[in-house]
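Every answer sets a value beside its definition.

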Amino acid sequence: MELSYFHSARDFPKGFVPEYAVVTDVLRATTTISCALENGAEAIETFADVDNLIKRSQEWPSFSRLLLGERGGKKIEGFDLGNSPVQVVPEIVKGKRLFMSTTNGTRSLHVVQTAGCLYTLALPNRRAVAEKLLSVEPRQLCIVGSGWEGAYSLEDSLAAGALISFLLDHSSKGIHVVNDEVIAALSIWKVWQNDLEGCLRKATHGKRLESLGNHDEDFKCCARLDNLYVVPTQIEPGVLSAA
Ligand code: 3SL
C-alpha cells in the first residue's frame, strides 16, 4: 500500500484523486461524525458553505433533519447543535439526516470527495477504520488532516499516527511510505499513545476550546481509543453513512 499523509486541505496536492482517502479532524468534526453515525443518524451531509447547507436541508422534511456545526468552535446561530460529539446522542440523532458545516473538517472532506473510497477517522473508531482498510489492502491510501485554517494541528497527526501504526503492524502486503509526514505522524503517536487526552489539551486547538469554556466531556470523548465500531463512509459526494 502506498501511504501518504497531508496535514490539511491546503497541503493536499491539487487535482490528486487517491484510490482510498481517510479524513481526520480529531477536535472535533470526525469524532462527532463517528459518534452520530454510531448512535443511529441516518446520514451526514457535509458543507463548507452555510448558505448551501441551509438551502439543501430545506429539501428534507423538518421532523427528520438536524442542522449541526460551528464557526470558531461556537455553534452556528440558528442551528440545532454545535460540533460536540457528546451532544449527538441516540435520543437526538437516531434516524435523522444531519446537515453539518465546520471550520476545517468539512473542507478536508471536500478536497478528497472524488476519491474512489472515502472514510473518516477519529481516535474512537481507529481500529474499525484500520480493519476495514486491511480487509481490502488498497494499492493507494491517502490520509488528510484538517488543521486549523491552513495551520498544522498536532491532534490530527496523532490520529493519523495511530492508524498508520495499526496498518504497519497488521498489513500482510506491506506499506510503502510516500512522504515524511507519515513518519512524523507515527513519531507523534509513539510519544503520546499513553496520554491521548494530554496530547489533545496540549495542542493549540485544545487550548482554543478550553478558552471557550468547559469542554472536559468533549476532550474525554475525543481521546477514547477503539471504542466505536462505525466506519463513516462516503456514499455520494459529501454524504457519509455508517458502514
Ligand atoms: O474545524 C473543525 O472542523 C472543527 O472540528 C473545529 S471545533 O473543534 O468544532 O472547534
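Here come some questions and answers on this predicted model.

Q: How are residues numbered here, and what kind of model is this?
A: Numbering starts from 1 along each chain as its sequence is written, side-chain values use heavy atoms, and hydrogens and water are left out. This is a predicted model, where local features need pLDDT of at least 70, side-chain atom pairs count only at pLDDT 80 or more, and totals for chains, interfaces and linings use all residues.

Q: Why is threonine 106 called buried?
A: Buried means under 20% relative accessible area, exposed means over 50%, and partly exposed lies in between (1.4 Å probe, protein chains only). Threonine 106 has 1% relative accessibility, so it counts as buried.

Q: Which residues is threonine 106 in contact with, leaving aside its neighbours within four places in sequence?
A: They are Thr46, Phe47, Ala48, Met100 and Ser101, where contact means heavy atoms within 4.5 Å.

Q: What makes helix H1 mostly covered?
A: Nine of the 10 residues of H1 (residues 29-38) are buried, including Ile33, Cys35 and Leu37.

Q: What joins leucine 27 and arginine 28?
A: A cis peptide bond does, with omega at about -5 degrees. Arginine 28 sits in the loop between strand E2 (20-24) and H1. Most peptide bonds are trans, and most residues other than glycine have a negative phi.

Q: Why does glutamate 137 count as buried?
A: Its relative accessibility is 10%, so glutamate 137 falls on the buried side. Glutamate 137 lies in the loop between helix H5 (126-136) and strand E8 (140-144), and its phi is positive, near 45 degrees.

Q: How do you know that aspartate 226 is partly exposed?
A: Its relative accessible area is 23%, so aspartate 226 is partly exposed. Aspartate 226 also has a positive phi, of about 60 degrees, in the loop between helix H10 (216-222) and strand E10 (233-236).

Notes. Helix = DSSP H or I, 4+ residues; strand = E, 2+ residues; numbered from the N terminus.
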